[in-house]
Amino acid sequence: MDELSSRVAVLQRLSPAEFDVLRLRCEGRTTADISALRGIPQREVLFRLAHAYDILWLTHLDRDARQDAIDGLCAAAAYIHANELPPSRPVAGQTSAALTP
């Protein structure tokens with residue numbers, strides 16, 4: 001398995017909501033931007049990011065190391081989004097179609 005494939009597999013552990021906010025962060029959006037774009041409270045954006053970090057095992061890293069790891073996942077997130085690959089963990093009552101721009 002190449003590096004991109006393994007990163008795609010890791011990101012597919014996320015729910016559509018978690019993946020969406022992580023992908024938008026990879027695009028350089030702030031939590032305030034994501035909140036306004038998705039119509040959810042900024043606290044919810046932060047919760048989704050924190051949960052994504054837990055799932056991706058990034059919470060034990062310091063801020064700089066976590067950002068380096070996230071930067072490494074951003075190409076895979078862009079690939080998933082461009083190829084419309086669904087995350088493997090759906091959120092109850094929510095479809096991935098509702099989360100795409």
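1. A quick note on the surface to begin: D62, D64, D68 and D71 come together there as a patch of negative charge. Keep in mind that this is a predicted model.

2. Now for α2, residues 16-26. Nine of the eleven residues in this helix are buried, so the rest of the structure largely encloses it. The buried set is P16, A17, E18, F19, D20, V21, L22, R23 and L24. I'd point out that charged residues are in that set too, namely E18, D20 and R23.

3. What do the buried residues of α2 pack against? Their partners are four helices: α1 (3-11), α3 (31-38), α4 (42-55) and α5.

4. Over in helix α3 we find S35. With 14% relative accessibility, S35 counts as buried, because the cut-off for that label is under 20%. Leaving aside residues up to four places away in sequence, S35 touches I40, P41, Q42 and V45.

5. S35 and V21 are 14 residues apart in sequence, and their C-alpha atoms are 9.1 Å apart in space. V21 is one of the buried residues of α2, while S35 is a buried residue of α3.

Definitions and conventions. Residues numbered from 1 in each chain as written. Predicted model: local features only at pLDDT ≥ 70, side-chain atom pairs only at ≥ 80, totals over all residues. Heavy atoms only, no water. Patch = residues over 30% accessible without salt bridge, like charges linked within 9 Å, V, L, I, M, F, W, Y side chains within 5 Å. Areas by Shrake-Rupley, 256 points an atom, 1.4 Å probe, with all protein chains shown as cover. Salt bridge = Lys/Arg side-chain N within 4 Å of Asp/Glu carboxyl O. Charge placed at Lys NZ, Arg CZ, Asp CG, Glu CD. Buried < 20%, exposed > 50% of the residue type's maximum accessible area, 1.4 Å probe, protein only. Helix = DSSP H or I, 4+ residues; strand = E, 2+ residues; numbered from the N terminus. Contact = heavy atoms within 4.5 Å.
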